[in-house]
Amino acid sequence: MAIAPAFSEIDHRHMAEALRLAATGEFTTRPNPMVGCVLAHGAEVVGRGAHKRAGGPHAEVFALREAGSRAAGATAYVTLEPCAHFGRTPPCADALVAAGVTRVVAAIRDPFHAVAGRGFTALQAAGITVEQGLLADEAEWLNRGFLMRARHGRPWVRVKLAMSLDGRTALASGESKWITGEAARADVQRWRARASAILTGLGTVLADDPRLTARLPEGVECVPPMRVVLDHHGALPRACRLLDGEAPTLVAHADDIVPDYGPTVEGFAVPRLGGHLDLEAVLAQLAIRQVNEVQVEAGATLAGAFLRAGLVDELLLYVAPVLLGDRGRPLFGGLGIERMAERIGFETVDLHAFPDGDLRLCLRPRG
């Protein structure tokens, strides 16, 4: 199998199309990865497909259906290694072999234990040329949550925060509605819809009584993200909106208490660690429940705890062109930075400007 060979301009064009197709399942495929497939004879595309939802046909199947007999002799461009096991659907590697595809170009290998190279092996055993590595970075970023869970046994953690120009998330009183404008707040809903779970702490529930649901425009399909609350005291109010049954809800509590959250909520116990819940244990429990991406929407204390634990993979930061003053609340609490050598660095992955002047920065911790 060739690893990162010299791909042609046509190869790049078809894989870019496959990635675009894969991204159309951003709100609906979880816990499965987003996958796209393009079948082509040279520059001519004969079939396209995208995985739409767990339990439904995979991207390769849709592309093969569209191509029909023209799949014979074609190259298949897939954003993730074709599966070779029977799950809820038959193996895609077998379908490609049966259709007479002669070459498969994959962006990345699938680390999921039931695949993990077996798809490539099955294709090669049938005499199909297999190459991988084309637009691998783009494919990795698209499915960063699924890949994190498959490789490391925990979800990808994205912390969402909104701040003023002077780095404040709220007034000293806690008032924060609204720092950003309508466009930025609508954008947050799309990021929520992408997440498998939205996580907050008891303090945010007591202060804001949030719903933590993804509210998208009419007609946009979304698998409702799970709502997760960290409640180490067992003090979550039974009347809060998170217990309304509108979306699946989990509550993590300390393992030395046995709270009763009612019939609409699942609780699970994790150890205490340094005055709060063991965040790694929380994430491990979410991975068991097939959570790929967690979006943390919480105050400075919990956001700071995730950062101190080295568990922030992505920072989604909305910046409004306003000032809240030096008595306002900070982004992260408890960092204890005393020297410049201890500062925590980030690199910008993406920057988007909204018409009303707000900015959205997507950042990743350095190193």
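**Close-up views of a predicted model**

**View 1. Two arginines sit over aromatic rings.** Arg185 lies over the face of Trp178, 4.4 Å from the ring centre. Arg289 lies over the face of Phe268, at 4.8 Å from the ring centre. A charge counts as over a ring if NZ of Lys or CZ of Arg is within 6 Å of the ring centre and within 35 degrees of the ring normal. The model is predicted: local features need pLDDT of at least 70, side-chain atom pairs count only at pLDDT 80 or more, and totals for chains, interfaces and linings use all residues. Residues are numbered from 1 along each chain as its sequence is written, and side-chain values use heavy atoms, leaving out hydrogens and water.

**View 2. Trp141 and Trp156 form an edge-to-face pair.** A search of the whole structure finds two aromatic pairs. In this one, the rings are 5.8 Å apart, centre to centre, with 85° between the planes. (Rings of Phe, Tyr and Trp, the last by its six-membered ring, pair if their centres lie within 6.5 Å; planes under 30 degrees apart are stacked, over 60 edge-to-face, and the rest tilted.) Trp141 lies in helix α5 (residues 136-142) and Trp156 in strand β7 (residues 156-163), so the pair ties together parts 15 residues apart in sequence. Helices (H or I, at least four residues) and strands (E, at least two) are DSSP runs, numbered from the N terminus. Trp141 is partly exposed, at 27% relative accessibility. Trp156 is buried, at 5%. Buried means under 20% relative accessible area, exposed over 50%, and partly exposed in between (1.4 Å probe, protein chains only).

**View 3. Tyr318 and Phe354 form a stacked pair.** Their centres are 6.3 Å apart, with 25° between the planes. Tyr318 lies in strand β16 (residues 314-319), and Phe354 in the loop between β18 (346-353) and β19 (359-365), so the pair ties together parts 36 residues apart in sequence. Tyr318 is buried, at 1% relative accessibility. Phe354 is buried too, with a relative accessible area of 8%.

**View 4. The largest nonpolar core has 42 residues.** Such a core is a set of buried Ala, Val, Leu, Ile, Met, Phe, Trp, Tyr and Cys residues joined through side-chain atoms within 4.5 Å. Met15, Leu39, Leu96, Val101, Val104 and Leu123 touch the most other members. Helix α1 (residues 9-23) gives the most to this core, with five residues. Apart from this core lies another, of 38 residues, among them Leu199 and Phe332.

**View 5. Pro82 is buried in a loop.** The loop runs between β4 (75-78) and α3 (92-99). Pro82 has a relative accessible area of 0%. Pro82 and Gly119 are 37 residues apart in sequence and 5.4 Å apart in space, C-alpha to C-alpha. Not counting residues up to four places away in sequence, Pro82 touches residues including Glu60, Leu96, Val104 and Leu123. Contact means heavy atoms within 4.5 Å.

View 6. The peptide bond from Arg30 to Pro31 is cis, with omega near 10°. Pro31 is in the loop between α1 and β2 (36-41). Leu135 has a positive phi, near 55°, in a residue other than glycine. Leu135 is in the loop between β6 (129-132) and α5. Asp209 also has a positive phi, near 45°. Asp209 lies in the loop between α8 and β10 (226-230).
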